[in-house]
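Below is a short briefing on one protein model. Please look over the sequence and the coordinates before reading the notes.

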Amino acid sequence: MSEDLRVIQAGVATFFGRPMATIDTLGGAKCAIMGIPWDEGNAGRNGANMGPRAVRDASSWFFGYDAQRDFDLWEELPTVDLGDVPVMPPNASATMDLIENQIRRIRELGVLPLSIGGNHSLTIGAARGAAKTVKKMGYISIDAHLDTATDWGGETLTSGCPTMRAAEIPNVDPTNVVVFGIHGWLNPRDQVTAAADKDIRWYGMEEIHRLGFEKALDQAIERAMEGVDGLYVSFDLDSIDASAFPGTGTPEPGGFTPREALAIARRLGQARPIAIDLVECAPIYDLSGISARMVCAAAMELLSGTVGR
């Protein structure tokens, strides 16, 4: 019987049915997907810590073969499920160190790390880990929100801070830090000012539509990659319109359509990032499960892009 005719909802779920592995048993894997069930320091509604489990379950409905492009992703990009990073909810600093170390070790083995969150603060540790493996790194975030807060009540490791923390990494020039997709009424003036002071470039939805979607995206990627040795990609799914992605802590009307989001994901993959994360899926707010499936689809397009598809 064809494997594709198996009972989809049967068995123990792993990311896309990929084999489980540890960092010491990666074998010939070229990509390692891991969950980061982190939800502390959250500026919005809680629940993203359940994202990795929901995405693993939803990913059972995604085969590796793409009929439209006639290729099998897992044949071209051998991939494993690395389990979850053992986060420590009472201790954000220790958790960021754990995430940083995990991403750094995977990169040093020549494997592409893909992190499934979890709220956006996990990117702080992940970007630091990736940056330690290249001379100079660029950073691009697809997001409805700037996340350029200096701190939140004195706390610097929160979901409102990852863009600012990325711009502070020693081998990341703030001019190579870009946020794409800003919209809604949760981008305060102090974060706009902070971005300007750091020379962080951001693209709002009005500018994206004025320039044209493809031109704006190309400009954003070009700026993030200018003169760097590697690109970190962070995809905050709340950048997608709330009608298509309700399962998130800060849903925003007026965001990207699913088709636009998948096009963004594929184009970012084609930029050959050194590390990727997909964050802010909070399945408790979406009983239909379409949000977790959107994470899966975005992940497939990102990885397809990395193999030139």
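The model is predicted, so local features need pLDDT of at least 70 and side-chain atom pairs count only at pLDDT 80 or more, while totals for chains, interfaces and linings use all residues. Residues are numbered from 1 along each chain as its sequence is written, and side-chain values use heavy atoms, with hydrogens and water left out. Helices (H or I, at least four residues) and strands (E, at least two) are DSSP runs, numbered from the N terminus.

**Nonpolar cores**

- A nonpolar core here is a set of buried Ala, Val, Leu, Ile, Met, Phe, Trp, Tyr and Cys residues joined through side-chain atoms within 4.5 Å; buried means under 20% relative accessible area, with a 1.4 Å probe and protein chains only.
- The largest nonpolar core holds 53 residues, and F16, L114, I140, F180, F235, L268 and L278 have the most contacts inside it.
- Helix α10 (residues 290-306) supplies the largest share of this core, 10 residues.
- Another core lies apart from it and has 38 residues, including I36, A127, V134 and A166.
- In soluble globular proteins, nonpolar side chains tend to be buried together.
- Not counting residues up to four places away in sequence, F235 touches I142, A261, I264, A265, L268, D277, L278 and V279, where contact means heavy atoms within 4.5 Å.

- In β6, 6 of 6 residues are buried.
- β6 pairs in the parallel sense with strand β9 (residues 230-236) over 6 bridges; two strands pair if DSSP finds at least two bridges between them.
- I142 stands opposite F235 in β9.
- β6 also runs parallel to strand β7 (residues 177-182), joined by 4 bridges, and S141 has V179 as its bridge partner there.
- From β6 the chain passes through α5 to β7 in a right-handed β-α-β crossover (clockwise from the first strand over the helix to the second, with the strands pointing away from the viewer).

**Helix α4**

- Helix α4 (residues 122-131) is largely enclosed by the rest of the structure, because 9 of its 10 residues are buried.
- Among the buried residues of α4 are L122, T123, I124 and G125.

**Residue S159**

- S159 is in the loop between β6 (137-142) and α5 (162-167), and is buried at a relative accessible area of 7%.
- A polar atom of the S159 side chain lies 2.8 Å from the backbone nitrogen of A43.
- Beyond its neighbours within four places in sequence, S159 contacts G41, N42, A43, N119, H120, S121, D147 and E280.

Note on methods
Buried means under 20% relative accessible area, exposed over 50%, partly exposed in between (1.4 Å probe, protein chains only). A polar contact is a pair of N or O atoms within 3.5 Å; within protein, one must be able to donate a hydrogen and the other to accept it, and residues adjacent in sequence count only if both atoms are side-chain atoms.
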